[in-house]
Amino acid sequence: MEKQWLVECWGYLGDTDLFYTEKEARTFFNSIRKRLDSSKYIITKTSIINKENSENAVYLTNLREKPNKNE
């Protein structure tokens, strides 16, 4: 079984890590989210982006999912 979920951290928000399951990845992603002041970040189901500096961000990605050609 290959690791297929990525939590990619940019800036000071945490360390990037790979996970086998979506549940593991979401748990890690949510642990980062819980320690942040939500008024300073744009938070979605798959990303956390600092409002003042977009270089500080966290992304949750399924590596097996093919990108949509329409985007």
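Contact here means that heavy atoms lie within 4.5 Å of each other, and the legends below describe close-up views of a predicted model.

**View 1. Contacts of I48 in the nonpolar core.** Once its neighbours within four places in sequence are left aside, I48 is in contact with L13, F29, I32, R33, L36, Y41, I42, I43, N56, A57 and V58. The largest nonpolar core has 13 residues, and among these V7, I32, I48 and V58 touch the most other members. At least two residues of this core come from each of three elements, namely β1 (5-10), α1 (22-34) and β5 (57-62). In soluble globular proteins, nonpolar side chains tend to be buried together.

View 2. Residues up to four places away in sequence not being counted, S47 touches F29, I42, V58 and Y59.

**View 3. The aromatic pair of F19 and F28.** The structure holds one aromatic pair. This pair is formed by F19 and F28, whose ring centres are 5.4 Å apart and whose planes make an angle of 45 degrees, an arrangement described as tilted. The label follows because planes under 30 degrees apart count as stacked and those over 60 as edge-to-face, with the rest counted as tilted. As for accessibility, F19 is buried, its relative accessible area being 12%, whereas F28 has a relative accessibility of 24% and counts as partly exposed.

View 4. Although R64 and Q4 are 60 residues apart along the chain, their C-alpha atoms are separated by 6.2 Å. When residues up to four places away in sequence are not counted, R64 touches E2 and Q4.

**View 5. The whole protein as a setting for the close-ups.** The protein has one helix and five strands, and, read along the sequence, these elements follow the pattern β-β-α-β-β-β. Taken along the principal axes, a box of roughly 35 × 30 × 20 Å is filled by the C-alpha atoms. Of the 71 residues, 25% count as buried, while the accessible surface comes to about 5,400 Å², with 47% of this area belonging to carbon and sulfur atoms. Among contacts between residues at least 6 apart in sequence, 37% join residues at least 24 apart. The protein carries 12 positive and 11 negative side chains, and the centres of these two sets lie 6 Å apart.

Key. Residues numbered from 1 in each chain as written. Predicted model: local features only at pLDDT ≥ 70, side-chain atom pairs only at ≥ 80, totals over all residues. Heavy atoms only, no water. Phe/Tyr/Trp six-rings, centres within 6.5 Å; stacked < 30°, edge-to-face > 60°. Buried < 20%, exposed > 50% of the residue type's maximum accessible area, 1.4 Å probe, protein only. Core = buried A, V, L, I, M, F, W, Y, C linked by side-chain atoms within 4.5 Å. Helix = DSSP H or I, 4+ residues; strand = E, 2+ residues; numbered from the N terminus. Areas by Shrake-Rupley, 256 points an atom, 1.4 Å probe, with all protein chains shown as cover. Lys, Arg positive; Asp, Glu negative; His and termini not counted. Charge placed at Lys NZ, Arg CZ, Asp CG, Glu CD.
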